[in-house]
Amino acid sequence: MRELLDQLIEKHRPKCREGEVPGYIPILREQNPLSLGITVISTDQEIVSAGDCPVHSTLQSISKVFALILAIMDCGEQEVFDKVGMEPTGDPFNSIYKMEVFSHAKPLNPMINAGAMIVSSLIKGSSVSEKVGRLLYLVREMAENDQIQINEEVFRSEWEHAHRNRALAHFLRELGLIDDVDETLEVYLRQCAIGVDCVDLAKMGFCLAQYGRTYSGKQLIPPSIARLVKTFMVTCGMYNASGEFAIKVGIPAKSGVSGGILASVPRRMGIGIFGPALDKKGNSIGGVAVLEDLSREWNLSIF
Ligand code: DON
């Protein structure tokens with residue numbers, strides 16, 4: 001397995017030159033666009049890594065999956081989906097377009113920023129730090145790594161430049177979908193800045209693949225919620241590239257603007273990837289290419 005992963009990383013590393021590290025979170029611009037790393041954990045309990053994981057690797061949008069798990073565990077499906085829809089958008093992740101067009105409807109799903117901010121606001125806790133602390137606890141348990149922390153530098157860098165997200169939060173406030181703009185934005189941006197590496201992502205993907213059971217065998221998340229979030233990963237996890245990704249790769253996956261991809265092959269495998277150079281839709285260009293080959297090689301598509 002190690003040999004194949006090494007080969008795929010070296011095969012696709014040059015492709016990273018065609019991508020770009022994002023500009024709107026200044027600190028992420030400092031990442032090496034040519035770094036590309038992967039970890040695979042399969043049900044035979046093997047953990048295999050290849051390539052390199054960049055510094056400042058954070059969850060970014062991948063955190064939307066864990067926030068959704070926690071919000072549903074806290075409030076139940078009914079309360080969450082009263083405020084956020086279940087449909088893919090076909091629009092960029094930070095778009096508000098459909099909400100305006102459809103006469104101030106709720107955000108279409110919890111994987112776009114507008115929907116994700118509502119989800120973050122539903123996490124129980126009497127302060128930002130209690131809400132974020134509870135999410136951090138879930139992430140640490142899923143990854144079985146109590147060293148996982150918020151990367152304060154990444155949080156600050158985004159907080160100071162979060163003009164679009166702040167605007168989205170104000171719009172949600174106007175519609176009565178959240179109560180407090182500053183608190184919601186801070187919880188959301190702190191969850192995005194949770195620092196992880198490829199092994200952490202692979203372990204979390206493995207936990208979802210095992211319907212909420214961790215690598216060490218603890219049932220952490222109700223199986224029905226693990227199933228629900230994997231379904232969102234299929235329909236909305238790769239933003240407006242989700243359709244093409246489902247055809248070419250066919251694995252529930254969630255990407256982040258940090259170049260991270262968490263993939264979860266039901267009952268078989270968790271995969272974590274970091275490759276900071278992104279394609280036009282915001283997904284790791286090298287990471288998607290590696291997953292395409294892996295899926296073909298190991299017949300991983302769920303379809
Ligand atoms: O809210 C944002 O814009 C970022 N913190 C996260 C966006 C993201 O990861 C989208 N990924 N493709």
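1. Let's start with a helix pair: α5 (residues 113-122) and α9 have axes that come within 9 Å of each other and cross at roughly 100°. Angles of 65 to 115 degrees count as roughly perpendicular, so that is the label for α5 and α9. Keep in mind as you read on that this is a predicted model.

2. Who touches whom here? On the α5 side you'll find Ala 116, Met 117, Ser 120 and Ser 121, and they meet Thr 184, Val 187, Tyr 188 and Gln 191 in α9. By class, the contact of α5 with α9 splits into four nonpolar and four polar residues, with no charged ones.

3. Next, α6. Helix α6 (residues 128-143) packs against helix α9 (residues 181-192) at an angle of about 30°, and their axes are 10 Å apart. That makes the two helices, α6 and α9, roughly parallel. The crossing of α6 past α9 is right-handed.

4. If you want to look at this contact in the viewer, pick out Val 128, Lys 131, Val 132 and Leu 135 on α6, then Glu 183, Glu 186, Val 187, Arg 190 and Gln 191 on α9. The contact of α6 with α9 has four nonpolar residues, one polar and four charged.

5. The α7 and α9 crossing is right-handed.

6. For α7 and α9, the contact is made by Phe 155, Glu 158 and Trp 159 of α7, together with Leu 189, Arg 190 and Cys 192 of α9. The class count for the contact of α7 with α9 is four nonpolar, no polar and two charged residues.

7. Zooming out, the chain is divided into domain 1 (2-59 + 196-297) and domain 2 (60-192). Their C-alpha centres, domain 1 to domain 2, lie 20 Å apart. Across the boundary, 35 residues of domain 1 are in contact with 30 residues of domain 2.

8. Which elements give two or more residues to the side of domain 1 that touches domain 2? They are α10 (198-209), α11 (223-236), β3 (253-255) and β4 (260-265). Of these, α11 gives the most, with six residues. By class, that side of domain 1 has 19 nonpolar, 13 polar and three charged residues.

9. Last, the ligand. It is surrounded by 13 residues, and the closest are Gln 60, Ser 61, Cys 192, Val 257 and Gly 282. The shell has four nonpolar residues, eight polar and one charged. Both domains take part: domain 1 (2-59 + 196-297) and domain 2 (60-192) each supply at least three residues to the shell around the ligand.

How values were computed
Residues are numbered from 1 along each chain as its sequence is written. This is a predicted model: local features need pLDDT of at least 70, side-chain atom pairs count only at pLDDT 80 or more; totals for chains, interfaces and linings use all residues. A residue is near a molecule or strand if its C-beta atom, placed from the backbone, lies within 6 Å of it. Ala, Val, Leu, Ile, Met, Phe, Trp, Tyr, Cys and Pro count as nonpolar, Asp, Glu, Lys and Arg as charged, and the others, Gly among them, as polar. Domain bounds come from an automatic or database domain assignment. Axes are lines fitted to C-alpha atoms, for helices over the stretch in contact, and angles run from 0 to 180 degrees between N-to-C directions. Helices (H or I, at least four residues) and strands (E, at least two) are DSSP runs, numbered from the N terminus. Angles under 35 degrees count as roughly parallel, over 145 as roughly antiparallel, 65 to 115 as roughly perpendicular and the rest as oblique. A crossing is left-handed if the near helix is turned anticlockwise from the far one by less than a right angle, and right-handed if clockwise. Two residues are in contact if their C-beta atoms, placed from the backbone, lie within 7 Å.
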